[in-house]
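User: Please go through this model with me as questions and answers. I would like each answer to finish on the value or name I ask for.

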Amino acid sequence: MSNISVIGAGYVGLVTATCFADLGHRVRLVEIDKDRVTCLKRGILPIVEEQLPELWQSNWEAGRLSVTSDYKQGLADCEFAFITVGTPSAGNGKAELKWVRSAARSIAEAANGPLIIVLKSTVPVGTADIVTRVIARHCRNGHNFPVVSNPEFLREGVAVYDFMHPDRVVVGAFDQRAADAVAELHEPLDSPIIKCDNRTAEISKYASNVFLATRLSFINEIALLCDEYGIDVVEVAEIVGMDPRFGTGYLSAGLGWGGSCLPKDVKGLIHMAKSRRVSVPLLRAVQQINQNQPHLAIEKLCKQVGSLEGKTIGILGLSFKPNSDDIREARSLLVISILKEHGCQIKAYDPLAMKNTAKLFPDVTYCTDAYEVAASSDALILVTEWDEFKELNMKKMASLMNCPVLIDGRNLYDAEEMAKAGFTYDSIGHHATGLKKLEGVLLGGA
Ligand SMILES: NC(=O)c1ccc[n+]([C@@H]2O[C@H](COP(=O)([O-])OP(=O)(O)OC[C@H]3O[C@@H](n4cnc5c(N)ncnc54)[C@H](O)[C@@H]3O)[C@@H](O)[C@H]2O)c1
């Protein structure tokens with residue numbers, strides 16, 4: 001078993017640390033946010049993640065997990081230091097590396113023995129070289145710190161499962177011994193381990209995320225055509241996804257992609273291309289389509305209710321995806337901003353993300369459930385497809401509203417059922433198809 005230090009106690013750091021501890025390693029988390037350290041010591045986790053609280057508690061109690069803001073303590077006797085700090089977009093789209101640089105510097109200054117640095121944060125091509133240089137500049141005791149690029153592919157909401165059951169583990173390094181040691185740590189996970197150089201590992205992470213964004217923007221463009229012809233994009237996506245060359249994932253038309261990763265990684269790759277004077281029209285189109293989706297939904301809303309000035313609009317769902325309280329780059333933020341520009345009153349409900357959203361939009365009325373949002377609203381927009389919204393009594397919802405208009409931004413509902421419930425319903429290319437209409441007629445006739 002190894003001694004592992006994990007730098008940064010965010011989504012990736014907490015999951016990485018807890019899962020490695022659960023695999024039997026002794027793990028120390030190093031976090032500069034002292035409030036976060038205090039909460040973690042009391043067993044309060046700053047993120048919502050399935051399975052994480054139970055795993056955290058059991059490994060904490062077993063003495064395999066600890067947390068500190070002191071690098072010397074955090075690195076003492078460790079063989080690995082995983083860097084999992086944030087790399088958000090700077091204004092120009094470039095990934096901000098100041099936290100990675102500062103973590104590398106702190107490691108170099110505090111380490112008391114040889115150490116393998118593992119870069120888990122999503123970082124632009126060439127960052128492993130930057131980290132190597134920062135370490136060489138600040139290391140006082142002449143130790144050798146090889147840098148391994150080991151990008152993380154977990155999905156928020158199922159992050160523990162993804163860590164424990166990865167599709168692939170990518171280990172990018174020039175130092176063969178360091179690569180072997182990092183690969184060995186991942187062997188119990190029983191997944192393919194791909195060894196490559198640092199740069200291949202770095203760009204592979206961007207390529208993966210940007211490919212997901214591309215699929216979503218692609219199906220959103222197909223949805224525009226489906227809207228025009230009255231075809232159901234959900235059925236089209238099903239047919240397309242049945243081709244084993246494609247698969248079904250990330251083909252859901254809707255308000256577009258958000259979250260802490262896809263938007264920043266698309267911007268980051270575009271920035272990388274620009275810095276090397278490479279033209280990337282596809283990536284720009286992927287981004288442009290996504291920026292347009294919330295505007296498209298508001299146009300649909302205006303078609304149904306006319307001017308939005310002074311109207312009360314209800315929002316169902318705020319988090320960037322279901323089962324998360326994360327609102328980073330959530331579509332809800334754009335929808336709220338556009339509605340505010342139109343002079344609307346806004347009511348909203350989300351099972352987990354209201355507290356985070358209220359920090360940015362204190363003037364929205366936050367409700368205790370979806371029915372309270374519907375009450376006296378002039379229209380509803382479904383932004384996040386939480387399971388509990390599927391279970392709503394939609395007849396009751398419609399009856400509570402001033403004007404029962406529903407814009408389904410995630411194609412969650414059935415158009416005909418919504419009409420039966422009393423709604424004027426619109427969606428992102430989700431229509432009752434000719435065949436379904438025909439089935440309805442035949443069933444009705446029988
Ligand atoms: N969130 C995801 O689903 C996900 C998935 C895969 C990859 N990633 C990538 O992983 C990285 C981390 O993402 P995240 O969502 O966990 O970020 P986050 O913002 O949730 O967490 C980062 C943590 O690092 C701490 N930190 C910053 N500088 C530090 C330093 N010098 N020393 C110690 N702690 C420091 C911050 O206080 C924060 O708690 C990013 O590059 C992201 O793109 C994220």
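This is a predicted model: local features need pLDDT of at least 70, side-chain atom pairs count only at pLDDT 80 or more; totals for chains, interfaces and linings use all residues.

User: How many residues surround the ligand, and which are the closest?
Analyst: The shell around the ligand divides into twelve nonpolar, nine polar and seven charged residues. The shell holds 28 residues, and the closest are E31, Y71, T87, E156 and K264.

User: Which polar side-chain atom lies 2.6 Å from a nitrogen atom of the ligand?
Analyst: On the backbone side, a polar atom of Y11 is 3.0 Å from an oxygen atom of the ligand. A polar backbone atom of V12 is 2.9 Å from an oxygen atom of the ligand. The side-chain atom at 2.6 Å from a ligand nitrogen belongs to Y71.

User: What share of the ligand's area does the protein bury?
Analyst: A polar side-chain atom of Y71 lies 2.6 Å from a ligand nitrogen. Taken alone, the ligand exposes 840 Å². The share of that area buried by the protein is 90%.

User: Which helix gives the most residues to the shell around the ligand?
Analyst: Two elements give two or more residues to the shell: helix 1 (11-22) and helix 5 (98-110). The one that gives the most, with three residues, is helix 5.

User: Which strands are the edge strands of the open sheet of six strands?
Analyst: The sheet has the order 11-10-9-12-13-14, with parallel pairing. An edge strand pairs on one side only, and this holds for strand 11 (365-366) and strand 14 (424-427).

User: What is phi of D190, and is D190 buried or exposed?
Analyst: Most residues other than glycine have a negative phi. D190 is found in the loop between helix 8 (176-186) and strand 8 (193-196). Its phi is positive, near 55 degrees. With a relative accessible area of 70%, D190 is exposed.

User: What is the relative accessible area of S376?
Analyst: S376 lies in the loop between helix 15 (370-374) and strand 12 (379-382). S376 is another residue other than glycine with a positive phi, near 60 degrees. S376 counts as partly exposed, at a relative accessible area of 44%.

User: Why does N3 count as buried, and which residue's backbone oxygen lies 3.2 Å from its side chain?
Analyst: N3 lies in strand 1. Buried means under 20% relative accessible area, and N3 counts as buried because its value is 18%. The backbone oxygen at 3.2 Å from a polar side-chain atom of N3 is that of D77.

User: What separates the C-alpha atoms of Q293 and K94?
Analyst: Q293 is found in helix 12 (residues 281-305). Q293 is buried, with a relative accessible area of 2%. Q293 and K94 are 199 residues apart along the chain, and their C-alpha atoms are separated by 23 Å.

User: What separates the C-alpha atoms of K34 and N59?
Analyst: K34 lies in helix 2 (residues 34-41). K34 is exposed, at a relative accessible area of 58%. K34 and N59 are 25 residues apart along the chain, with their C-alpha atoms separated by 21 Å.

Conventions: Residues are numbered from 1 along each chain as its sequence is written. Side-chain values use heavy atoms; hydrogens and water are left out. A residue is near a molecule or strand if one of its heavy atoms lies within 4 Å of it. A polar contact is a pair of N or O atoms within 3.5 Å; within protein, one must be able to donate a hydrogen and the other to accept it, and residues adjacent in sequence count only if both atoms are side-chain atoms. Accessible areas come from the Shrake-Rupley method with a 1.4 Å probe; for residues, only the protein chains shown count as cover. Helices (H or I, at least four residues) and strands (E, at least two) are DSSP runs, numbered from the N terminus. Ala, Val, Leu, Ile, Met, Phe, Trp, Tyr, Cys and Pro count as nonpolar, Asp, Glu, Lys and Arg as charged, and the others, Gly among them, as polar. Two strands pair if DSSP finds at least two bridges between them. Buried means under 20% relative accessible area, exposed over 50%, partly exposed in between (1.4 Å probe, protein chains only).
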